[in-house]
Amino acid sequence: MKSNRTILYIGTAIYCAFALPLQAGNPMQTLLPNQEESQAVSLTRPTVPTTENIEKLFRVAEEQLERESYPLALINARKILSYNLLDDQKCLAEYYAALAGSYVHENPRELLDFLQKYPNRAQSNDVCLSLGKYYFRHQEFSLSNKYYAQSDPSRLEGKKLNEYRYQAGYAALLCKENERASTLLFPLTKISSEWNKSALYH
């Protein structure tokens with residue numbers, strides 16, 4: 001009798017553990033194995049953004065860089081990098097993050113790392129320009145001259161072109177590259193700009 005009661009207790013426990021939840025419609029018990037796996041994946045996998053959303057994030061980050069809103073640009077660039085991207089998209093997002101980071105952290109390390117990782121990408125020229133500007137801002141004129149000399153300013157215009165001419169010319173002058181300095185500074189002597197007097201002096 002004692003053994004029968006033991007068997008009854010075991011049987012009742014098994015029934016309560018498995019049969020009752022199924023009758024009650026417990027969703028975790030009624031899932032098939034593949035459904036359980038699907039649910040687990042959906043809970044752990046991040047939402048995949050659409051191409052349109054990624055392009056919008058790129059536009060926002062670019063506008064923030066143009067407005068010199070570097071902390072916000074850095075946040076958006078890092079958000080973009082959290083997604084699975086095509087190679088070109090990843091390169092561009094890393095460039096945005098490196099450029100914004102150089103201002104936020106006042107450190108050129110991310111720009112230098114980008115240049116080492118992507119020496120032949122279109123953004124590499126912009127990185128050289130940014131490094132020239134960074135080192136000029138920190139009065140490291142030898143390094144400023146080095147990176148400005150490696151850059152191509154042909155896509156610059158207006159104020160950005162004049163700023164490049166002055167900074168690159170001044171850095172070259174301090175490095176005793178007089179001919180290059182003269183070539184860069186001379187156009188500024190012919191226009192009215194904030195760099196005109198300095199260019200005439202040098």
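1. Is Gly-101 buried or exposed? Gly-101 counts as buried, because its relative accessibility is 0%. This value, like the others in this note, comes from a predicted model. Gly-101 sits in helix H6. Leaving aside residues up to four places away in sequence, Gly-101 touches Leu-74, Glu-106, Asn-107 and Glu-110. Take Leu-74 among these contacts. Leu-74 and Gly-101 are 27 residues apart in sequence, yet their C-alpha atoms are 6.3 Å apart in space.

2. Now the overall fold. The protein chain has twelve helices and zero strands. Read from the N terminus, the elements run α-α-α-α-α-α-α-α-α-α-α-α. The chain has 202 residues, and 32% of them count as buried. Consider the contacts between residues at least 6 apart in sequence. Of these, 46% join residues at least 24 apart.

3. Helix H5 covers residues 70-81. Its twelve residues reach 16 Å from first C-alpha to last, close to the 16 Å expected at 1.5 Å a residue. Which residues of H5 are buried? They are Tyr-70, Ala-73, Leu-74, Asn-76, Ala-77 and Ile-80. Several of these positions are three or four places apart. In an α-helix, residues with that spacing point the same way, because there are 3.6 residues a turn. H4 and H6 are among the elements that cover the buried residues of H5.

4. Twelve of its 16 residues are buried, so H8 is largely enclosed by the rest of the structure. The buried set includes Gln-123, Ser-124, Asn-125, Val-127 and Cys-128. Leu-129, Ser-130, Leu-131 and Gly-132 are buried too, as are Tyr-134, Tyr-135 and Phe-136. What covers them includes H6, helix H7 (109-117), H9 and H10. The length of H8 also fits. At 1.5 Å a residue H8 should span 22 Å, and its end C-alpha atoms are 24 Å apart, which agrees.

5. Aromatic side chains come next. The structure holds 13 aromatic pairs. One of them is Tyr-135 with Tyr-147, which is stacked, with 5.9 Å centre to centre and 15° between the planes. This pair links distant parts of the chain: Tyr-135 is in helix H8 and Tyr-147 is in helix H9 (residues 141-149), twelve residues apart. Both partners are buried. Tyr-135 has a relative accessible area of 7%, and Tyr-147 has 9%. Phe-136 and Phe-141 form another pair. Their ring centres are 5.3 Å apart and their planes stand at 75°, so this pair is edge-to-face. Phe-136 is buried, with a relative accessible area of 14%. Elsewhere, Phe-58, Tyr-95, Tyr-96, Phe-114 and Tyr-118 form one aromatic cluster.

6. What is the volume of the largest pocket? It is about 930 Å³. The pocket is lined by 30 residues. Glu-66, Tyr-95, Leu-99, Leu-156 and Lys-160 lie nearest its centre. Tyr-95 is also a member of the aromatic cluster in point 5. Helices H4 (51-66), H6 (87-104), H8 (122-137) and H10 (158-174) each supply at least two lining residues. H8 gives the largest share, with seven residues. By class, the lining has 14 nonpolar, four polar and twelve charged residues.

7. Most residues other than glycine have a negative phi. Gln-139 has a positive phi, near 60°, and is not a glycine. Gln-139 is exposed, with a relative accessible area of 61%. Lys-176 also has a positive phi, about 65°, although it is not a glycine. Lys-176 lies in the loop between H10 and helix H11 (178-185). Is Lys-176 buried or exposed? Lys-176 is exposed, because its relative accessible area is 71%.

Definitions and conventions:
Residues are numbered from 1 along each chain as its sequence is written. This is a predicted model: local features need pLDDT of at least 70, side-chain atom pairs count only at pLDDT 80 or more; totals for chains, interfaces and linings use all residues. Side-chain values use heavy atoms; hydrogens and water are left out. On a 1 Å grid over the protein atoms alone, a cavity is a set of points where a 1.4 Å probe fits but cannot get out, and a pocket is an open set with protein on both sides within 12 Å along at least five of seven lines; lining residues have an atom within 4 Å of a point. Grid points are joined across faces, edges and corners, and a volume is the space filled by probe spheres set on the points. Helices (H or I, at least four residues) and strands (E, at least two) are DSSP runs, numbered from the N terminus. Ala, Val, Leu, Ile, Met, Phe, Trp, Tyr, Cys and Pro count as nonpolar, Asp, Glu, Lys and Arg as charged, and the others, Gly among them, as polar. Rings of Phe, Tyr and Trp (its six-membered ring) pair if their centres lie within 6.5 Å; planes under 30 degrees apart count as stacked, over 60 as edge-to-face and the rest as tilted. Buried means under 20% relative accessible area, exposed over 50%, partly exposed in between (1.4 Å probe, protein chains only). The expected span of a helix is 1.5 Å times one less than its number of residues. Contact means heavy atoms within 4.5 Å.
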